[in-house]
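Please look at the sequence and the structure before reading on.

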Amino acid sequence: MSPSPDHDRLEFWEEQAQRLHWDTRWNQALDWSDAPFARWFTGGRLNVAYNCVDRHVEAGHGDQVAFHWEGEPGDTRTITYAELRSEVCKTANALLSLGLRAGDRVAIQLPMIPEAVFAMLACARLGLPHSVVFGGFSPAALRSRIEDAGARLLITSDGQYRRGKAEPMKALTDEATGHTPSIEHVLVVRRTGADVPWTEGRDLWWHHLVDTQSAAHRPEAFDAEHPLFILYTSGTTGKPKGILHTTGGYLTQAAYTHRAVFGLDPDSDIYWCTADIGWITGHSYIVYGPLANRTTSVMYEGTPNTPHEGRHFEIIERYGVSVYYTAPTLIRTFMKWGDDIPARYDLSSIGVLGSVGEPINPEAWRWYRKHIGGDRAPVVDTWWQTETGAVMIAPLPDRSDAKPGSARTPLPGISAKVVDDQGREVGKGESGYLVLDQPWPSMLRGVWGDDDRYRETYWSRFPAQGYYFAGDGARYDEDGDIWLLGRIDDVMNVSGHRISTAEVESALVSHSAVAEAAVVGASDATTGQAIVAFVILRGGATARETDAGRVVAALREHVAQEIGPIAKPRQILTVPELPKTRSGKIMRRLLRDVAENREVGDVTTLADASVMDLINAGLVRETRQAD
């Protein structure tokens with residue numbers, strides 16, 4: 001493993017940790033003796049929920065709003081820090097009444113409602129590691145996560161609102177829990193009022209159990225390395241990996257990065273992270289980071305086009321949102337819907353814009369800044385992962401030398417490099433693999449129940465150097481700033497040339513006719529891989545150029561001009577929509593199936609499975625025309 005970090009880095013992280021309340025101060029900042037298993041702030045003890053809620057109330061901020069919550073149907077709730085403490089204490093007492101004790105695992109599958117936050121914080125308060133499962137995941141996905149974690153309790157709801165309709169949830173979770181003997185109780189929040197199947201003795205209504213509890217609870221301090229949560233992420237083997245995060249280091253870095261990256265003032269800013277609570281962004285930048293910093297946040301339950309495509313902008317205007325943190329996928333969707341929609345709303349409160357989830361292409365970056373940020377708000381493009389726990393690479397908002405599309409440099413306290421196959425750092429203007437060469441406080445502490453998988457997945461690529469390999473490609477520009485190129489399995493090898501799918505997508509979207517693009521590498525007998533692109537045209541583009549062949553030819557030449565002839569797509573298919581999960585992630589695996597004329601794989605996680613039928617039909621039609 002690599003040598004210990006220098007003294008200055010550890011001193012920096014100790015300064016950040018001191019902003020939290022510790023019942024017992026640590027005696028060592030970092031123990032890296034059992035690398036790659038880190039121990040941060042060893043000997044220290046603290047309670048995450050106390051740091052996120054109680055200490056703010058005790059300091060006189062009980063009347064400050066913690067959350068402005070907006071339901072998809074239009075119902076709202078305003079929750080102060082004092083009210084949040086009351087709800088978290090009642091939830092904690094309810095969990096204690098079920099016999100749960102520190103170390104027991106709790107599974108949570110809830111929509112974006114306040115009870116999701118209450119449940120997470122109650123678990124943190126009691127030392128119960130939680131496993132939050134995205135509300136759009138199938139019963140099979142929920143079952144596998146419950147089984148792997150050995151959860152004793154599931155917290156869910158009767159249903160959830162999606163695109164204006166009440167969708168079932170409890171009925172689906174019952175499919176999962178029918179085969180999970182570790183689950184002793186299912187705690188159900190009433191959200192939609194729908195009739196639900198019920199198992200007497202196991203199932204309990206939230207309003208019956210939680211609302212009747214005492215609002216007083218004294219939190220217990222836990223060791224800095226006590227497990228805080230397990231969050232499952234896709235693995236190459238098909239079996240999800242349970243990413244384990246612990247208490248002290250995670251909260252230290254989540255709070256620090258939230259404060260530094262967005263330049264937040266807890267007394268004046270209104271902050272909105274649009275992620276779902278089932279993802280790491282929801283954990284770190286809806287719950288733990290913002291609440292540790294005494295932030296007033298907006299939380300929205302539904303989809304961005306229900307009941308109309310201006311819903312997000314309406315919410316920004318209503319609450320005076322000053323910091324808005326969202327994904328490039330949604331930004332490109334806004335672009336597709338049209339510039340006129342955000343123009344109808346007063347977005348002048350926006351002071352900082354954030355981007356998360358994938359590299360943002362320069363065209364989307366510029367649109368975002370112009371149409372949402374009024375050509376004045378800085379855009380902080382953040383790179384990090386479920387495994388890193390918190391933001392690692394991002395420009396700070398006070399930087400005036402913006403570079404659209406670049407995450408710029410590692411944050412203070414973080415060390416990252418771009419290296420070649422041998423682990424040697426590449427030069428300016430060169431591409432390679434993004435690695436982290438020093439441990440960081442919010443790093444994962446392993447894969448739940450599988451230490452060998454942890455070592456193999458994250459530390460085996462550069463064992464001699466002891467680098468954590470992030471799985472992403474990156475390049476340095478001529479100034480030494482970092483540009484993310486996406487996952488290395490999204491890097492195509494065309495006639496021996498390594499071409500990033502993100503790079504080609506960025507070139508396509510920079511054309512005035514294109515709203516969104518997804519690119520995959522398809523097997524090709526001549527070139528090894530060939531580039532196949534799927535594009536959604538902006539409104540009006542088809543009317544301006546009715547000949548589809550002319551549009552495609554223009555786009556192929558545009559890519560050649562932007563990147564070079566080697567990057568010219570073999571095939572470009574114009575589509576009405578791209579296959580996306582309910583969280584908005586493009587399923588490139590399915591596009592690769594189409595491009596290689598294979599039977600399309602599992603589409604159960606798609607928001608709209610019929611999209612694949614339209615894409616498949618279009619590709620067949622275009623192939624016939626080409627022949």
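## Helices H15 and H17

H15 and H17 are oblique to each other. This holds in a predicted model. The axes of H15 (residues 501-509) and H17 (residues 548-562) cross at roughly 120° and come within 9 Å. An angle of 65 to 115 degrees would count as roughly perpendicular, and one over 145 as roughly antiparallel; the pair is therefore placed in the oblique class. The crossing of H15 and H17 is right-handed.

Which residues make the contact? On the H15 side they are Val504, Ala507 and Leu508, and on the H17 side Leu555, His558, Val559 and Glu562. Sorted by class, the contact of H15 with H17 has five nonpolar residues, one polar residue and one charged residue.

An α-helix has 3.6 residues a turn, so residues three or four places apart point the same way.

Ile563 lies in the loop between H17 and strand S29 (571-574). To be buried, a residue must be under 20%, and to be exposed, over 50%.

Ile563 also meets residues from another part of the sequence. Leaving aside residues up to four places away in sequence, Ile563 touches Glu503, Val504 and Ala507. Of these, Val504 and Ala507 also take part in the contact of H15 with H17. Ile563 and Glu503 are 60 residues apart in sequence, while their C-alpha atoms are 8.0 Å apart in space.

## Helices H2 and H3

Helix H2 (residues 48-61) and helix H3 (residues 81-97) have axes that come within 9 Å and cross at roughly 140°. H2 and H3 are therefore oblique to each other. Their crossing is left-handed.

From H2, the residues in contact are Cys52, Val53, Asp54, His56, Val57, Glu58 and His61. From H3, they are Tyr81, Ala82, Leu84 and Arg85. By class, this contact of H2 with H3 has six nonpolar, two polar and three charged residues.

## Helix H11

How many of the residues of H11 (residues 328-337) are buried? The count is 10 of the 10, so H11 is largely enclosed by the rest of the structure. The buried residues in H11 include Leu330, Ile331, Phe334, Met335 and Trp337. Arg332 and Lys336 are also among the buried residues of H11, and both count as charged by class.

Gly338 follows H11. The phi angle of Gly338 is positive, near 125°.

Terms used:
Residues numbered from 1 in each chain as written. Predicted model: local features only at pLDDT ≥ 70, side-chain atom pairs only at ≥ 80, totals over all residues. Heavy atoms only, no water. Axes fitted to C-alpha atoms, helices over the stretch in contact; angles between N-to-C directions. Helix = DSSP H or I, 4+ residues; strand = E, 2+ residues; numbered from the N terminus. Parallel < 35°, antiparallel > 145°, perpendicular 65-115°, else oblique. Left-handed = near helix turned anticlockwise from the far one by under 90°. Contact = heavy atoms within 4.5 Å. Buried < 20%, exposed > 50% of the residue type's maximum accessible area, 1.4 Å probe, protein only.
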